[in-house]
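These are my notebook entries on one protein model.

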Amino acid sequence: MNQKCGPRKAKDPLTVLPMEVAQMIISCLDFKHVVSMTRVSTTWRDYLKSIPGLWANLDFSKAKANIPKAAIEKYIRCSRRTVTRLTTQQSINLQHVVTQCKSLEHLEIGGGYTNASLIKAASVARNLRCLLLPARCETSLDCVSQILGVCKNLVRAEFHNVTTTPSFRPNWKGDMSRLRTLVVFMRKGFVGQRPLFDDLMHMIPDIRELSLRGWESDTDIPPASGAAMTRLEKLQLADFHGHVNPPALPSLRILDLDIVLHAFLNPVPGPYPTNAGIAELSISCASKLSSECLVWLLGSNFDALSKLHLPQCIEITDLDLRNLINMGLIDHVVDLDLSGPRLTDSLVQLLAARALRLERIKVASSSITGVGVKALVTKPGSQLQFLDITDCMHVASDAVAFARHLKGLQVKCGHEEFRAKNKKIRFE
């Protein structure tokens, strides 16, 4: 069959290429393709099964049907029981797999598991360093606390769909000193008592990346006394109730706040430890946000700031934006989001004259016209590549065409039927 269907000079690559070269090529393939190659011939199947390293990463994320237990057992045997990574969106006998794979370090699973089964599997996987539970895998807050308590070697843990019951307060215990990345997102719209971050804060002294949704705190983050989270580099808070004091985090580089109540009501006076400065700042729907608060957040070092997102922060006035631009806060920004009705053509013209490094800008739902678009795309030395003018009802169609076709920008917009009726300006 091979001689009839294949080209005349076709040869089996495993008989031509050196084994080292063939193994190097195969090691670059996805797990799904490696499994498919075992069906080519018995020679290929025996050769692939003789390389344990090809089966150390069991990636079933692209499987469309349930994975038979016999198939999983076969792949584990091919790895000589040295599986280090397991990724699956299908429900499997998790406890059996982690029992067979003592070297398992990375585990990413989908839904279909009970809290009890997750806790049992975690207690067996003593060498687990990374645990990822996506939104489709619902877990309880009690389950999260027990998993973190028994997995002492965890470096990264993500729980994207956590629920709790009224009046429940988890008991955080165990050794979490190795934890560097923690994501705990409470399910949107959940009914129950918000988890109190104060109980967990001192359990993760060396945390580097922290993301929370649906939590609250009775004290400042970080607290005024103590050395908690001094090495934190990324802080993401959504639907959070509590006061945040970023200047007291000397290593902070990425700050993302979304609907955080009481975050900037009382900026804490310094002095604060000197640091390299925040590189990415995102604040959405915040109240009581002004230019003074942003300067308090960033300190005097604006050079490190490359990403600034302030969508729908309606408390920022026209004067606040002018002050920020004139102070040089956006001079080095590459990615900028100022979506909202407060942005006008005069502000955009002032911004275009200062932000020469800008590559992406989003001014959705603003009051700018084609004059503002022209100021952004015609500035000498401009590096702009992407422009979002969604729901900018005063931008005419000729401004969009000018940015797209003559300047080569990627432009995102809507309501094309209204743009043709807007007043056009002269583009040169």
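I took accessible areas from the Shrake-Rupley method with a 1.4 Å probe, and for residues only the protein chains shown count as cover. By that method the protein exposes about 21000 Å², with carbon and sulfur atoms supplying 52% of it.

I noted the basis of the entries. The model is predicted, so local features need pLDDT of at least 70 and side-chain atom pairs count only at pLDDT 80 or more, while totals for chains, interfaces and linings use all residues. Residues are numbered from 1 along each chain as its sequence is written, and side-chain values use heavy atoms, with hydrogens and water left out.

Entry: burial and contacts. I called a residue buried under 20% relative accessible area, exposed over 50%, and partly exposed in between (1.4 Å probe, protein chains only). Of the 428 residues in the protein, 46% are buried. I then looked at contacts (heavy atoms within 4.5 Å). Among those between residues at least 6 apart in sequence, 65% join residues at least 24 apart.

Entry: secondary structure. Helices (H or I, at least four residues) and strands (E, at least two) are DSSP runs, numbered from the N terminus. I found 16 helices and 16 strands.

Entry: helix H15. Which residues of H15 are buried? In this helix, residues 397-406, they are Asp-398, Ala-399, Val-400, Phe-402 and Ala-403. An α-helix has 3.6 residues a turn, so residues three or four places apart point the same way. Just after H15, I found Gly-408 with a positive phi of about 75 degrees.

Entry: salt bridges. I counted a salt bridge where a side-chain nitrogen of Lys or Arg lies within 4 Å of a carboxyl oxygen of Asp or Glu.

Asp-46 pairs with Arg-45, their closest N and O atoms being 3.5 Å apart. Asp-46 is partly exposed at 46% relative accessible area, and Arg-45 is partly exposed at 34%.

Arg-187 forms a salt bridge with Glu-138, with 3.2 Å between the closest N and O atoms. Arg-187 lies in the loop between strand E7 (181-186) and helix H10 (198-201), and Glu-138 in the loop between strands E4 (130-133) and E5 (139-140), so the pair ties together parts 49 residues apart in sequence. Both are partly exposed, Arg-187 at 36% and Glu-138 at 41%.

Asp-199 forms a salt bridge with Arg-169, the closest N and O atoms lying 2.7 Å apart. This pair links distant parts of the chain, 30 residues apart: Asp-199 is in helix H10, and Arg-169 is in the loop between strand E6 (156-163) and E7. I have Asp-199 as partly exposed, at 28%.
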